[in-house]
Amino acid sequence: MAIAENPPKETFRLSMLLYDTRYRSITIQVIVLMLFMAGVAWLADNAVRNLQALGKDFNFGFLWNRSGYDIGQVLIQYSNDSSHARAMLVGLLNTLLVAAMACVAATILGVVIGVLRLSSNWLVGRLMTFYVEMFRNIPVLLWILVAYAVFTEVTPQPRDFRVTPEMEASGQAPAASMILDAIAVTNRGTSIPEPLFSRSLGNISLGIFDVSVDLIAVLIVLAGGLWARRALNTHANKVQNATGVRPVTWWKSLLLVFGPLAVLLAVLGFHLGLPELAGFNFQGGILVSNSLMALWLGLTLYTAAFIAEIVRAGIAAISKGQSEAAFALGLRPNRTMNLVILPQALRVIVPPLISQYLNITKNSSLAIAVGYMDLRGTLGGITLNQTGRELECVLLMMLIYLTISLLISGVMNAYNNRVRLKER
Amino acid sequence: MSDTHAETVPYVRETMLPQLAPPSSQAGAVKWLRENLFSGWFNTLLTVLGALVLVWLAVHFLPWFLHGVWNANSVAECREAIAQAWGDGATGACWAVIRERWPQFLFGFYPSELYWRPVLALVLLFAALAPVLFPSLPRGMMALTALYPGLGYLLLWGGSFWFPVAVYLGFVIGYVVFTSLAKAGQALLAPILGGLVVLLYWLFLSGPVERALEAVIPLSIQSVPSNAFGGFVLSITIGVAAIALSLPMGILLALGRRSDMLLVKALSVGFIEFIRGVPLITLLFTASLLLNYFLPPGTNFDIILRVVIMVTFFSAAYIAEVIRGGLAALPRGQYEAADALGLDYWKAMRLIILPQALKISIPGIVSTFIGLFKDTTLVIFVGLLDPLKGITDAVRASIEWKGVYWEPFIFVGLIFFIFNFAMSRYSMHLERRLRREHR
């Protein structure tokens, strides 16, 4: 066999850019980059020319102008003299409020339904399957509208709660009564009790909004109690590892968490301000608008169906051998659940659960259907219409939603990395 | 016999006794009840609670359904009829609103003498989908599938018969260019040049071609403007178009995201994450408010088309993520085997990787489609009349149907349920059919 002494020196030919796999990917990427940049330049050029033609400029200065409109449900100080930027902040907080409420409620409801769907009880299993199929095959917008119609059409008027002296004398009950004497659901909104402090520490201003010092104090004490409880548990684990006997901790941890809190609340004079019927409407307490209630209920019922499926799939994904092995090791059923099944099931459940939270946040933009002033209603609604700055408003709104989404998916990725099975 | 035994072992019985029936608690309905409903105190409690829920639902809603009135011309007449039949204070459904206004829920403000066109389009849609969904049907039906986009467009929007013909001509030209170049040995140039020629034809030539054909043989049907669309015609049009377009786009995005080419990967990731990070409403807003800023001055194109494009982008990003999961779930050996066989990238993807990855992703893809179909209701927020809010509000705005809430919701919800439930059942059927292991 003759071995070529001098392999022919490779010369670079232009056709190699297309036919040689070593260079082809570079060629393709250069072409893609050029196309992409040309596309962006074309869009930007069009935007500039269109803005010029309309006599508009691109700046966000309008955010500091007076907004001039009122918002029904606000979490921070706001009036129609505030700026558009503050209206945007109010909207963002409203979005986050309804999203957080719906996440909590949907998780609880979804877990209950998912577990019940796995139960061996035929009737309950069927009922839960019916629930899941009904809610996830029908648009969420319909559920929000139905909830809104329920709150505005079916709930009683405030005057139905009135008890007149004649009624009292004849022992006749009013047409409607409050739940637990504390919550009044009326067609003008739902009144819930409000936490009050008779020896309040007042508010401090954080520049943008005020925060109640009482709330901060409660949170600090609660966090301190939880931290102390954790230290106690660590200590108990250490003792258990050393001696084999675990010291009794349950009453100590209860005391550590709730003791200081109870003392603090007593010192601050904590009491609930109950709503009361005065005149034509309920006074006192916190009035939650019907639109918020409807959005919350609609999102909760809809998303709970998805969460139920996630929970069911997560528990079903754990092979039976795992629980059998745990029983063989002599673990009791509840410890099997806590130590063997749940840690594995959670790894399957949590990522899709978090993406459901993301969906709730995005679906909360349907607030527009019931007139709840969220980010979409303030920045992308009235502010946009008043100032006529579509480009700035929609871009800013997208940016804010994108930031929220990326934060949530960042949390999800961090969790995934923490619980990932370590493979080769 | 019996005698001998009787003498030796008297206690042995020699004839089999007939089998007794199982105890009544272990057979039939009683056994089933005990096992499925009352197997323990907790299960019994659940059963009782479930039964209470059922009774509560029946007591509160059944009369309302049973008292329903179908023949009436207004809500007031409905209430009168219910009060007459069931006494004062009785509540009942006023189905008359559905009976009276169902064409609006289904067709929006589509001209009523042309209702046959969307109906025919829907029937043809099922005929065109059938060979794709059920491989046992004759392959010749695929011709209809290929022709359907043009046919459906013509039936829904009307206008010149030559418009879809001129568009389809582009495919023919592209095919001719592609095959002739491929025969000449230009395997790589063929798709690029072919695509370029088609694009140029569509941009500059197809309009004149259409007008020339129309001038020679005028052939057109009455055209229907986009703002006449509404109700389920609108939902199904947007849903079907976006589903058909988003699957190929999603596949390409998923492949792009897993590509070795850094730039392609970065662009795909950027697109997917951006689209998934914002609510669909803001994208629809972009379509209705911002698109005019980003297109050359004076361009104005159809609002339904804009919405279809945005909904397509939206669901393509989700489908890309689903398919990426499928691609990642394939064992590495499959990729390596494809390389070892000497297949190039596209052949490896087409013949080995994608068939398996798509099979894994079916449930996710179908649930994305279901989500897409449900999301078509959001077009109300850019001024299109969706069946859920747009049409319902329009119906409720008339004096005779003021105050009707639940009946339209139930009707529209039921139709959505039927479509989506059918889709999810089909996906389960597909999963079973494609299952290769454990046969």
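Tutor: Two residues are taken to be in contact if their C-beta atoms, placed from the backbone, lie within 7 Å. The model is predicted, so local features need pLDDT of at least 70 and side-chain atom pairs count only at pLDDT 80 or more, while totals for chains, interfaces and linings use all residues. Residues are numbered from 1 along each chain as its sequence is written, and chains are lettered from A and ligands numbered from 1 in the order in which they are written.

Student: How many residues does the contact take from chain B and from chain A?

Tutor: Chain B gives 45 residues and chain A gives 46 residues.

Student: Which helices of chain B each supply at least two residues of the side that touches chain A?

Tutor: Helices (H or I, at least four residues) and strands (E, at least two) are DSSP runs, numbered from the N terminus. On the side of chain B that touches chain A, at least two residues each come from helix H3 (41–66), helix H11 (262–277), helix H12 (280–294) and helix H17 (406–434) of chain B. H12(B) provides the largest share, nine residues.

Student: How is that side of chain B divided by class?

Tutor: Ala, Val, Leu, Ile, Met, Phe, Trp, Tyr, Cys and Pro count as nonpolar, Asp, Glu, Lys and Arg as charged, and the others, Gly among them, as polar. The side of chain B that touches chain A has 30 nonpolar, 12 polar and three charged residues.

Student: In what order do the three strands of the open sheet in chain A stand?

Tutor: Two strands pair if DSSP finds at least two bridges between them. In chain A the order is S1-S2-S9, with antiparallel pairing. S1 and S9 of chain A are at the edges, each with a single partner strand, so one side of each is left without a neighbour in the sheet.

Student: Which residues are bridge partners in this sheet?

Tutor: Strand S1 (residues 184–186) and strand S2 (residues 189–192) of chain A are joined by three bridges, and A:Ala184 has A:Ser191 as its bridge partner. These two strands form a hairpin with two residues between them. Three bridges also join S2(A) to strand S9 (residues 286–288) of chain A; A:Ser191 is partnered there by A:Leu287, and A:Thr190 by A:Val288.

Student: Is A:Val340 buried or exposed, or in between?

Tutor: A residue is buried if 20 or more other C-beta atoms lie within 10 Å of its own, exposed if 12 or fewer, and partly exposed in between, with C-beta atoms placed from the backbone. A:Val340 has 18 such atoms within 10 Å and is therefore partly exposed. A:Val340 lies in helix H11 (residues 333–363) of chain A. Not counting residues up to four places away in sequence, A:Val340 touches A:Gln322, A:Ser323 and A:Ala326.
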